[in-house]
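Here is a short report on strand pairing and aromatic contacts. Please read it alongside the model.

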Amino acid sequence: MSTKLRTSALKRIRFAPVALLAGIFAAVLLSLSLTGTLSGFAASITNSSNTAATGTLVMQEQNAGATVTCLSTDGGSVSTNSATCSTINKFGGSTTMTPGNTVNTPISIKNTGTANAATFTLTPGATCTQSANGTQNGTATDLCAKMNLVITSGSTTVFSGTLASFKGAPASAFTMPAAPAAGASVPFNFAVTLDQSAGNAYQGLAASVPMTWTFTA
């Protein structure tokens, strides 16, 4: 065998361990890059229930016998949450009042939603409307000034005055009870009295003022 061939064979023998070591080192590096570490302690917590939800603010109005109920959702849904209740007449709806006669109408306003109300307000309409009651009508034009209204909630007087002063009254004119929590109910009584001074000219007439109850949260 020539000297050149023997030298080539020796080089291959010396190179083999080096190549083997290089391969092992590359495998270790690859393993570290995939696992991040060869060993160690680890602890973890996964929060699988992370939610936030909205409550509801729904108003219910009922008459004293709870035979008539109006809900703020009667106008559609909680998306609207505003309805007109024409079946509970807060002034009693009497058509036969005489001077000095008082008609009491007790009602309750309840928060039937799941969220507490932050504010509770009563806002009367801007006008007191006088109209004819029946076919025989007096000539007076100021019945609203002859109809006295007292609104109470328990021992608290919410409003006391004529229907003429009730209409368009600002929020400062009312002493409202605390805004009700979810499920709580607030009682009210509306007492309407025809003034003793009303004469024949006030016969056959009617007076009306709309009003709006509001919760906010």
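Rings of Phe, Tyr and Trp (its six-membered ring) count as a pair if their centres lie within 6.5 Å; planes over 60 degrees apart make the pair edge-to-face. The model is predicted. By this rule it holds eight aromatic pairs. One of them joins Phe190 and Trp213, edge-to-face, at 6.2 Å between centres and 85 degrees between planes. This pair links distant parts of the chain: Phe190 sits in strand 8 (residues 185-194) and Trp213 in strand 10 (residues 211-216), 23 residues apart.

Are these two residues buried or exposed? Buried means under 20% relative accessible area. Phe190 has 0% relative accessibility, so it counts as buried. Trp213 has 10%, so Trp213 counts as buried too. Ring pairs also tie Phe120, Phe188, Phe190, Trp213 and Phe215 into a cluster.

Six strands form an open sheet in the order 2-1-3-8-6-7, with antiparallel pairing. Strand 2 (69-71) and strand 7 (156-162) are the edges; each has a single partner strand, so one side of each lacks a neighbour in the sheet. From one strand to the next, the twist averages 20 degrees.

| Strands | Bridges | Facing residues |
|---|---|---|
| strand 6 (residues 147-153) and strand 8 | six bridges | Val150 and Ala191 |
| strand 5 (residues 129-132) and strand 9 | four bridges | Thr129 and Ser208 |

Side chains in a regular strand alternate between the two faces of the sheet.

Definitions and conventions. Residues numbered from 1 in each chain as written. Predicted model: local features only at pLDDT ≥ 70, side-chain atom pairs only at ≥ 80, totals over all residues. Heavy atoms only, no water. Pairing = 2+ DSSP bridges. Helix = DSSP H or I, 4+ residues; strand = E, 2+ residues; numbered from the N terminus. Phe/Tyr/Trp six-rings, centres within 6.5 Å; stacked < 30°, edge-to-face > 60°. Buried < 20%, exposed > 50% of the residue type's maximum accessible area, 1.4 Å probe, protein only. Axes fitted to C-alpha atoms, helices over the stretch in contact; angles between N-to-C directions.
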